Amino acid sequence: MSLKDKITEDMKSAMRAKEADRLLTIRGLLAAMKQKEVDERVTLDDAAVIGIVDKLIKQRKDSISQFAAAGRTDLVDKETAELKVLEGYLPQRMSADEINAEVAKIVASLGASGPGDMGKVMGAVKAQLAGKADMSLVSAAVKQALAR
């Protein structure tokens with residue numbers, strides 16, 4: 001079963017269980033997926049769906065920090081609940097050590113030597129680690145590897 005099918009089935013089960021908050025989050029995810037399919041005239045594979053989930057998770061994290069700074073605990077709780085639902089659709093993430101090891105291999109294979117090669121390295125790393133690792137950790141690992 002593809003990830004897209006799993007999300008659709010989860011929406012149906014959330015409807016049956018009358019889980020309104022979970023249903024709202026899943027519908028938002030499905031809407032974002034449908035929007036991408038319509039805009040780009042493509043059928044999404046699991047990697048593309050994971051990319052959308054990553055984007056929505058980043059938005060939730062940004063919202064949580066903004067709402068926390070404003071003292072809106074009610075909205076922080078709502079966004080945190082949505083974040084937990086979305087994180088359920090991500091595959092197991094790589095640890096920081098695994099990310100550092102992969103980045104070191106890619107830097108060595110490309111022959112990158114300094115901060116000027118950041119774009120070239122990030123392009124290769126994104127292609128290889130998309131959906132498997134948190135890209136903010138990956139970016140930090142690349143900066144560290146190129147600073148040596």
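Leaving aside its neighbours within four places in sequence, which residues is serine 139 in contact with? The answer comes with the last of these views of a predicted model.

Figure 1. From the N terminus on, the elements run α-α-α-α-α-α-α. The C-alpha trace spans about 55 × 40 × 30 Å along its principal axes. The chain has 148 residues, and buried residues make up 34% of them. Take the contacts between residues at least 6 apart in sequence: 55% of these join residues at least 24 apart.

**Figure 2. The surface of the chain exposes about 9000 Å².** Carbon and sulfur atoms supply 54% of that area. Charged side chains are counted here too: 24 are positive and 22 are negative. The centres of the two sets lie 2 Å apart.

**Figure 3. Lysine 4 lies in helix α1.** This helix covers residues 3-16. Is lysine 4 buried or partly exposed? Its relative accessible area is 25%, so lysine 4 is partly exposed. The cut-off for buried is under 20%. Beyond its neighbours within four places in sequence, lysine 4 is in contact with Met33, Glu37 and Asp46. With glutamate 37 there is a polar contact, side chain to side chain, at 2.4 Å. Methionine 15 gives a sense of scale. Lysine 4 and methionine 15 are 11 residues apart in sequence. Their C-alpha atoms are 17 Å apart in space.

**Figure 4. Threonine 25 sits in helix α2.** Helix α2 takes in residues 20-40. Is threonine 25 buried or exposed? Its relative accessibility is 5%, so threonine 25 counts as buried. What does threonine 25 touch, leaving aside its neighbours within four places in sequence? Its contacts are Glu82, Val85 and Leu86.

**Figure 5. Serine 139 belongs to helix α7.** Residues 135-147 form this helix. Serine 139 has a relative accessibility of 18% and therefore counts as buried. That value falls under the 20% cut-off. Now the opening question can be settled. Leaving aside its neighbours within four places in sequence, serine 139 is in contact with Met118 and Met122.

How values were computed. Residues numbered from 1 in each chain as written. Predicted model: local features only at pLDDT ≥ 70, side-chain atom pairs only at ≥ 80, totals over all residues. Heavy atoms only, no water. Helix = DSSP H or I, 4+ residues; strand = E, 2+ residues; numbered from the N terminus. Buried < 20%, exposed > 50% of the residue type's maximum accessible area, 1.4 Å probe, protein only. Contact = heavy atoms within 4.5 Å. Areas by Shrake-Rupley, 256 points an atom, 1.4 Å probe, with all protein chains shown as cover. Lys, Arg positive; Asp, Glu negative; His and termini not counted. Charge placed at Lys NZ, Arg CZ, Asp CG, Glu CD. Polar contact = N/O pair within 3.5 Å; in protein donor to acceptor, adjacent residues only side chain to side chain.
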